[in-house]
Amino acid sequence: MSGVLREMLENLCSKPFTILYPKEKVPIPKGFRGKIAVVDEKCIGCSRCARVCPAECITMIPDNTEIEVKGKKIVRKKRPVVKFFRCIRCGLCEQYCPSEAIIMKCELSESGTDKEVLVQ
Amino acid sequence: MDLLLVIYVLLFPGFLFLLAYGFLLQYLDRKIAARMQARVGPPLLQPVADFIKMLGKEVIDPAGVDRAAFDAAPLMALAAVMTAFLYIPIVGESPFAFQGDLVLVLYLLTLPTIALFLLGWLSRNVFSSVGGVRAVTMLFIYEVPFFLALLMPALMAGSWSISEIAGWQQEHGWFALLQPIGFVVGLIGLQAKLERQPFDIPEAETEIVAGPWTELTGRRLALMHLTMQVMLVAGSGLIAALFLGGPLLPWNISPAWLATIAGFLMFLGKTLLILVILASLKVATGRIRIDQLNDIGWKYLASATILQVGIVLLMDYIRVGT
Amino acid sequence: MTGLLGLEEVKSALERFGTVEQVRSNRIKVKTIPEKIHEALFRAQTLLACDHLIQISALDNGQSFELIYHLTGPHGTVIAIAIELPRDRPEMPTTSDILPPAGIYERQIYDLLGIVFTGHPNLKRIILSEDWPENEFPLRKDWKPRPKTPYGGVRQEER
Amino acid sequence: MPEVVLPIGPQHPALKEPVNFKVIVDGETIVGLELDVSYTHRGIEKAAEQRDFIRVIPLLERVCGICSHAHAQAFCTGIEEIMHLEVPPRAQYLRTIVAELERMHSHILWLGVAAHVVGFNTLFMWTWRDRETTQDILEEMTGNRMNYGMNEVGGVRRDLKPGQISSILSRLPKLEEQIGKYVGMVRGEETMLLRFRGIGKLSKAEALKYGTVGPTARASGVDYDIRRDDPSIAYAEVPWKVVTDTSGDVYGRTLVRIGELQESLGIIRYCLEHLPEGKIGIPAPKVAPRGEILSRYEAPRGELVHFIRTNDTDRVERLDIRTPTLANWTSVTVSLVNQNIADIPVIVAAIDPCLSCTSRITILSERGRRTAEMTWAQLVDHGQRFYRKWGRS
């Protein structure tokens, strides 16, 4: 009982633990798996990310663009399109991408209420 | 005089003050509990906002419920506790004080529990019925020690009027010091009456959803919450008057108006003290089971009160004898 | 914890029911037939001090249903007693009378694979939802969800 | 009062997940009980048969949010054994750290829920506040607060940098102090003692008979802990001891869990201080040879078992998951009879039930490529038809 009372008094005298969200924000650590992003100029169109994605949120669409990889110019045939709301933030695409073209940014992803956007 | 009486009943320190103070006490209660639990707690006007919001919500009638009775029960409970409040001294003596108002107040403060039982029984919901039965079972457990503890000051002061008991303490000292056991039992009984932890058995969220409150919606819920809020004010005012000398100061202050203001501040201070004690009790405990309450109530609370009765009778005997 | 059980100990107790082989240092597998499972489990309990049923693994290998009872005890050796059931008549006596925890696993297997355990006190649906169609067992290899029906096998034409 | 059927669940404030008990009560005493856990079945075992070993792990992590690492862990160690992979020690130590952090956050969460169930919301607030520390550490290590995505076949996916090690170590003393306080609170808080002592009692013989696992069994004196009996990852190298209690009631289960919190803290500290150098994973082949394995792991709630059968393809032929909650249900249904209504939530919460683990409805169409969905109108229509039928029968 005394332990409870002491902790109660300590809390009464110290600041609340709650973070009032819109006013203050939690620091996001480095390496956080947040919103998924595609760096278009780095992508070589290998579609490894689409194959490895467990949620099948990445689809490859035809796209003939000339890009530069290690000084050489090649033409890629496809590029990934991400359905953000299907992403489960497992980070496998980031890990398997050979050219660091698909990354998880250190920011929280938005939420959505529209079902059509959500399930696509 | 009549106008003053109307002002007393309706504005200050009657219903308007009562409602405002009820909201304030609820805010403080929630805020203190939240801060002790390392949370932020609600803003100042949150209880008012909750009340207004609930008043505006749709009233849902459970299938087959007796609507008139279902509407009437919260109103009856609220009316009872608001009436009870009028007999409690806030600034000096209550103008309605008479010999025996203590018994009336105790009776009126029992009515919300009966209303809760009725609501539980009427709403035809298993959780509500179980909750209602629990509320009444609990009433039988805590009511006896609570009544005994609260009647002891009357016995010692030789008066059945709350205001006179408060006045008696001006000369002889607080009953909280003369009858410490009664004071503690009174506080515990009040906590049980208000159905707060550790006595929130009838509305145990994790067991029976919200007990009798489960089927209450809209204004019924708002009124029932308001009843509990008002009961917190009336109950703490009653304990303050009976055990802490109410609004009266232990010494005389010469201008009457200064004495009135000082008395009012005394009332506020004492009720807030009681609130802090009750809020800490709420934070520091979990919910006990009804059979455990039965054990505790009859074994410890009741016997402690009987002991107190014995001591009071002995003290009276010695005092009268000398 | 006592030491691991040796292969010989297990063989002496359970060889009469079928083949006994050591799979790993603390895994011993026994293959037997459905009729003898009850007795085999009882002997494992009494002679080998297997007081804990870990799991009844059930699977459909295309030709038959396999049930594997994994038992262990204070010795820390996992004894797997495997049986096969024919697909056309998946029935066997319940083991929940000697192994009370088997009751809930058997209900699960009945629900997902459709194996009937005769003598089970309460063989009812537990895992699948109450409106799942009868006689559809999703873990059987020949069960395929119908692409057009949204939920279970409830057909659109029933509407 | 006559006998009343009290529906506890599927939606009920005491249960954080959908389960339905039809409890028959006489006054305040329970006389009968029926159980239905079907509300969160998602067909994960079937879905797992359709995915290769890379894509199946995120799926298995989502069997349960609280013990997500445990499921991935049990699966990975099983597959690694079938593939005969030697996982580097650094990966094993990192797995152990995540596993023990997960155990700590699960046990602290449980302590809060148990306190909330008996109406002691204050301890609930405090424990969940302190649980943030473990969550922050996990977020920093793995990138996610939940569903860490740390495991893969052959190792782990993220390494710890030296700076991170010292930052984690610096946060542990505060956590240790708080856990020390809980011990005092649980032992000293009268109302909690009243509600926990002698409730849901299981003797050692009963605990064995009904096949209980994990802290529930250990509180009854059953000395089983897979981390010691069948050690995987780094548990064989780390000094620690199994926590048991003899009381067998909810109070004993609380003490066991708090004791395990302290043990876990020691394991984490040891692993961080003795983290071996080296690689954090080896490349795994895509295809697993034919084989079967019973992979056991001590999840926070008890013994978790993955039975895996592979057949020379990149998928499992069968994955049979037995979760600790399923093993403990039998004992709950037995120990609830003749108890008080007020004790239902306490006894149920005391095994730390995880129902999404237990019943794992996504319906997969052919080859699991696409999930079929019901529109709202279809769902309403389906529900109405079902209940009309149900009402008639």
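**Chains, confidence and a helix pair**

Modeller: No contact joins chain A and chain C, and their closest C-alpha atoms lie 15 Å apart. This is a predicted model: local features need pLDDT of at least 70, side-chain atom pairs count only at pLDDT 80 or more, and totals for chains, interfaces and linings use all residues. Residues are numbered from 1 along each chain as its sequence is written, while chains are lettered from A and ligands numbered from 1 in the order in which they are written.

Biologist: What makes two residues count as being in contact?

Modeller: Their C-beta atoms, placed from the backbone, must lie within 7 Å. By that rule, nine residues of chain B are in contact with nine residues of chain A. Helix 12 of chain B gives the most to that side of chain B, with three residues. Helices here are DSSP runs (H or I, at least four residues), numbered from the N terminus.

Biologist: How do you know how confident the predictor is in chain B?

Modeller: From pLDDT, the predictor's confidence in each residue, from 0 to 100. Chain B averages 85, and 98% of the residues score at least 70. Confidence in chain B is lowest in helix 10 (residues 205–208), at a mean of 74, and highest in helix 3 (residues 46–56), at 91.

Biologist: Which chains share the most contacts?

Modeller: Chains C and D do, of the four pairs of chains in contact. Chain B and chain C, by contrast, do not touch; their nearest C-alpha atoms are 24 Å apart.

Note on methods
Helices (H or I, at least four residues) and strands (E, at least two) are DSSP runs, numbered from the N terminus.
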